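Here's a quick look at a ligand site and the helix packing beside it in the topics below. Have the viewer open as you read.

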Amino acid sequence: MESNIKLITDDGLRLDGRALNEMRPIKIQTGVVEKADGSAYIEWGANKIIAAVYVREAYPKHAQNIDRAIVKARYNMSGYSVEERKRPGPDRRTMEISKVITEALESTIVLEKLPRAEVDVFIQVLEADAGTRIASLTTASVAVADAGVPMRDLVVGCTAGKADGKMVLDLSKDEDNFGEADIPMAILPRTKKIVLLQLDGKVSQEEFDEATSMMMNAIPRISEIQRNALMSKYNVEEGE
Ligand code: CDP
């Protein structure tokens, strides 16, 4: 949606004071849902999201894959998580986000190590403030690892986009609403394989390249926060 709202101030900063390539603060904590096999909670800027993972034999039996696991991620936004109360229950956006998160997780879980199993990933958005799909995926992948599910790598998500003609990292709510483009992306850092890439809006090839390179630069920092969250559960310092 375009509008006349000024998103970049005269001193080149964004409305929340960030530089163009600056992320919002991110915190991740594991083991937050006792009854789940694995769980993680993320605060990414003002987003607050919980992911809980349950691993079980797929049911009914005819739904099982004899040689690999089924993954089902369900993204759900609480009614009170947004300014204008969201009607409960699935809608097109919720179904789309659940699908892209499921596909991204399938690309990193070693499915053949868990024949006949179902990996259920429940994602609950408690507060939403732009970028919930990539924050959900980032925390869901930590929750899957926390559940002990074999994975090739942790998925790391990020967004970049265009606001007031400038490319910016990690869109704020205003930039998401009133900017010219929003590009959520998620990768497996070890191989740099892209497992989610969407584009809402319009950008040139050069702008797209600038957005992806901003995100690629941010990814190691997000990876580190994920790893620290997993290791702090075992009180292990990185490098040990
Ligand atoms: O959250 P994400 O950026 O991945 O998805 P989006 O569809 O681009 O939504 C952008 C933002 O709009 C969300 O993060 C929410 O803050 C907000 N939103 C809302 O206020 N009400 C909804 N029903 C859906 C989204």
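Alanine 130 puts a polar backbone atom 2.8 Å from an oxygen atom of the ligand. The table lists this polar contact with two others, a polar contact being a pair of N or O atoms within 3.5 Å.

| Residue | Atom of the residue | Distance to a ligand oxygen atom |
|---|---|---|
| Alanine 130 | polar backbone atom | 2.8 Å |
| Glycine 131 | backbone N or O atom | 2.8 Å |
| Threonine 132 | polar side-chain atom | 2.5 Å |

This is a predicted model, where local features need pLDDT of at least 70 and side-chain atom pairs 80 or more, while totals for chains, interfaces and linings use all residues. Numbering starts from 1 along each chain as its sequence is written, and side-chain values use heavy atoms, without hydrogens and water.

Residues around the ligand (a heavy atom within 4 Å) include Met77, Val82, Arg93, Thr132, Arg133 and Lys173.

Now the helices, which are DSSP runs of H or I with at least four residues, numbered from the N terminus. α1 (residues 92-106) and α2 (residues 132-146) have axes that come within 10 Å and cross at roughly 40°. That makes the pair oblique, as angles under 35 degrees count as roughly parallel, over 145 as roughly antiparallel, 65 to 115 as roughly perpendicular and the rest as oblique. Arg93 and Glu96 of α1 are among the contact residues, as are Thr132 and Arg133 of α2, with contact meaning heavy atoms within 4.5 Å.

α2 also packs on α4 (residues 205-233), at about 30° with axes 10 Å apart, so the two are roughly parallel.

Conventions
Axes fitted to C-alpha atoms, helices over the stretch in contact; angles between N-to-C directions. Polar contact = N/O pair within 3.5 Å; in protein donor to acceptor, adjacent residues only side chain to side chain.
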